[in-house]
Amino acid sequence: MCVANDRPAKLKMGLIGPGFIAEHHLDAVRRLEGVEIVGIAGSSPQSGRDRARVLGVRQAFDSYHDLLAEQQIDVVHNTTPSHLHYEISLAALRAGKHVISDKPLASTAWQCEELCEAAASAGVVAAVTFNYRGYAAVQQARTMAHGDELGQQVYIHGHYLQDWMADDHVFSWRIDPVCAGESAALIDVGAHWCDLAEYLSGSRISQVLADLHTAIPIRFSSGTSQTFAGPARDHGTPVEVHCEDLASLLLKFENGARGCLKVAQVLPGHKNDLQIEVCGRAASVRWEQEKPNELWIGYANAPNAVMSMQASLLAPQARAYASLPAGHPAGWPDAFRAVVSDIYDWIRADRTATRQPATLCTFEDAHRISVIIESMLESHKRGGVWIDVPQKNLEGTREIVAAAGGERR
Ligand SMILES: NC(=O)c1ccc[n+]([C@@H]2O[C@H](COP(=O)([O-])OP(=O)(O)OC[C@H]3O[C@@H](n4cnc5c(N)ncnc54)[C@H](O)[C@@H]3O)[C@@H](O)[C@H]2O)c1
């Protein structure tokens, strides 16, 4: 649809779940041309109104149902706690909206599969914000790994470690036995690493072996489970935690590379310590999220290098993501904006463009990540055995076959 001056009509968005990450969705959208924020919905009418005031949004809907009933809204951002993603994204798709969900797509692979089917029958864009894809350095590393600069990949390793849940008086819906699914740290942050590992390497994780652990089995809840709210000051109610806050994993990739991953949210000193390294026969490349504007490149027979994000030095594919001139550090919100911008471009192109935007993660891609996480949970349940990760999207969620033994469930 076009308006009189031939500028495309603004896409109208609404957001459900106005907590921590919602601020960054709104910030990203405000930095895009041609998108209008219509309103938000929170967990209650009052919470919606309070958050609308704080976030500078003019309209608060009483519930997500009311927001979805608003005809003028084209795009819905789902930034609710992860266990609500399935119900809300499904309702949004059935209302005919384009859906931008934060990760994880849903709590189980089954739910993800249903969401993929619902998105396909709605004929809308359905995408997930795996935001680390939006850094110029990640794009550069990907270009190098997909080309021949690294040579044959042999090892893909790294970690995603945090400490914001190191205090047993921090409580989150992520580990609340009433609503959390089977996994906590893996589905919350491990999912980002698994997405990056496949995205950078261009190869799928084919087998996993997992050892999961709950380092803090009793937490104290004082009623708030808002992200990064900090420890409760009073004693709180003791709650038994069953899902993992610490995970050690071995991986095998389809291209023959081996892998190793550590995930935790309870390790003092590690703030948002996401690191990933792809080692080939010719060179290695490493990206560290806390130094996002650098790429370490390692050689066996030449000096190692640290590449800065100077557009003229970057591969053409990465250049578009270097949003600032060299020496002006781009950060987390900038990468987030790049990913959201790519999704809106895809919506505007009505999926007719010949190439998907580079950072786009579709519901099907995100379904894949949940299949990997479920394979990891399964490996641990079976005592830490190698498990084949079902390789075809939307196939194999009905059965996970143990590599050793071939037992089916
Ligand atoms: N991409 C990233 O890097 C990143 C980072 C943090 C969180 N996340 C994801 O974003 C989602 C939200 O996480 P968060 O840290 O912002 O959580 P949060 O607890 O800070 O915010 C969740 C918000 O949803 C609201 N809410 C709860 N029930 C609701 C309902 N029925 N209807 C409408 N709103 C409701 C809560 O009141 C709160 O405002 C999670 O899925 C999480 O995995 C992604």
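## Overall architecture

Of the 409 residues of the chain, 47% count as buried, a residue being buried if 20 or more other C-beta atoms, placed from the backbone, lie within 10 Å of its own, exposed if 12 or fewer do, and partly exposed in between. The structure is a predicted model, in which local features need pLDDT of at least 70 and side-chain atom pairs count only at pLDDT 80 or more, while totals for chains, interfaces and linings use all residues. Residues are numbered from 1 along each chain as its sequence is written.

The chain contains ten helices and 17 strands, which are DSSP runs numbered from the N terminus (H or I of at least four residues for helices, E of at least two for strands). Its radius of gyration is 21 Å, close to the 22 Å given by the globule rule for 409 residues, so the chain is as compact as a globular protein of that length. That radius is taken over C-alpha atoms, and the rule is 2.2 Å times the number of residues to the power 0.38. The C-alpha trace spans about 60 × 55 × 45 Å along its principal axes. Among contacts between residues at least 6 apart in sequence, 69% join residues at least 24 apart; a contact requires C-beta atoms, placed from the backbone, within 7 Å.

## The nine-stranded sheet

Nine strands form an open sheet of mixed pairing, in the order S16-S15-S14-S13-S7-S12-S11-S8-S17. Strands count as paired if DSSP finds at least two bridges between them. S16 and strand S17 (387-388) are the edge strands, each with a single partner, so one side of each has no neighbour in the sheet.

Glutamate 294 has serine 308 in S16 as its bridge partner, and leucine 295 stands opposite methionine 307 in S16.

## Helix H6 and its neighbours

Nine of the eleven residues of H6 are buried, so the helix is largely enclosed by the rest of the structure. Among the buried residues are Val138, Ala141, Arg142 and Ala145. These residues of H6 also meet Tyr199, Leu200 and Ser201 in H7. The residues of this contact divide into five nonpolar, one polar and one charged; Ala, Val, Leu, Ile, Met, Phe, Trp, Tyr, Cys and Pro count as nonpolar, Asp, Glu, Lys and Arg as charged, and the others, Gly among them, as polar.

The axes of H6 (residues 136-146) and H7 (residues 185-201) come within 7 Å and cross at roughly 50 degrees. The two helices are therefore oblique to each other. Angles under 35 degrees count as roughly parallel, over 145 as roughly antiparallel, 65 to 115 as roughly perpendicular and the rest as oblique. Axes are lines fitted to C-alpha atoms, for helices over the stretch in contact, and angles run from 0 to 180 degrees between N-to-C directions.

## Helices H4 and H5

The axes of H4 (residues 85-94) and H5 (residues 109-122) come within 9 Å and cross at roughly 10 degrees, which makes H4 roughly parallel to H5. H4 contributes Tyr86, Ser89, Leu90, Leu93 and Arg94 to the contact, and H5 contributes Gln111, Glu114, Leu115, Ala118, Ala119 and Ala122. Seven of these residues are nonpolar, two polar and two charged.

The loop between strand S5 (98-102) and H5 holds proline 104. Lysine 103 and proline 104 are joined by a cis peptide bond, with omega about -10 degrees.

Note on methods:
Contact = placed C-beta atoms within 7 Å.
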